[in-house]
Amino acid sequence: MPIITLTVSGTPDSDRSKALAETVTTLTAERLRKDPAVTAVAIHHVAPEHWFAGGRSLADQGVASFWLDIKVVDGTNTKTELADYLAAVFEAMGRLLGPLHPESYILVHEVPAAAYGFGGKTQEHRFIAGRLDRAA
């Protein structure tokens with residue numbers, strides 16, 4: 001059920017976007033145990049001449065970059081899982097985008113279950129409803 005926003009340097013390309021979304025969804029399922037059926041990925045593109053790191057454009061540096069922002073429910077992953085996820089995503093982005101600037105970022109927001117959800121229901125609601133269904 002995570003929502004993932006992925007910003008990458010480069011021009012929009014539907015094949016690359018599909019590969020990026022599939023890769024991030026797979027890694028999120030494997031490393032963070034999130035259901036791919038309810039994982040959403042939005043991809044944005046920024047021209048390398050408009051993305052600056054260390055005071056110089058990525059175009060001038062001849063490298064790519066990305067910014068991945070993901071929301072998950074707090075307490076559902078360990079520190080080790082989160083660290084492994086960051087490493088796996090960085091490695092995969094390097095394969096898909098080419099040489100990366102080291103200032104390529106990943107942020108996992110761990111948010112309260114009562115303040116996060118989809119389809120008009122919070123994750124806390126889903127958790128409680130699932131418990132009640134099992135008890136009945």
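Predicted model: local features only at pLDDT ≥ 70, side-chain atom pairs only at ≥ 80, totals over all residues.
1. Residues are numbered from 1 along each chain as its sequence is written, and side-chain values use heavy atoms, with hydrogens and water left out.

2. Phe66 also belongs to the largest nonpolar core, which has 22 residues; together with Leu68, Tyr85 and Met93, Phe66 touches the most other members. Such a core is a set of buried Ala, Val, Leu, Ile, Met, Phe, Trp, Tyr and Cys residues joined through side-chain atoms within 4.5 Å, buried being under 20% relative accessible area with a 1.4 Å probe, protein chains only.

3. Helix 3 (79–97) is among the suppliers of at least two residues to this core, as are strand 1, helix 1 (14–32), strand 5 and strand 6. Seven residues, the largest share, come from helix 3. A second, separate core has five residues, including Val73, Val111, Ala113 and Tyr116.

4. Now the sheet: four strands in the order 2-1-5-6 make it open, with mixed pairing. Strands here are DSSP E runs of at least two residues, and helices are H or I runs of at least four, both numbered from the N terminus; two strands pair if DSSP finds at least two bridges between them. Strand 2 (40–46) and strand 6 (105–111) each have a single partner strand, so one side of each lacks a neighbour in the sheet.

5. Strand 1 (residues 3–9) and strand 5 (residues 66–73) run antiparallel and are joined by six bridges. Threonine 5, for instance, has aspartate 69 in strand 5 as its bridge partner.

Key. Buried < 20%, exposed > 50% of the residue type's maximum accessible area, 1.4 Å probe, protein only.
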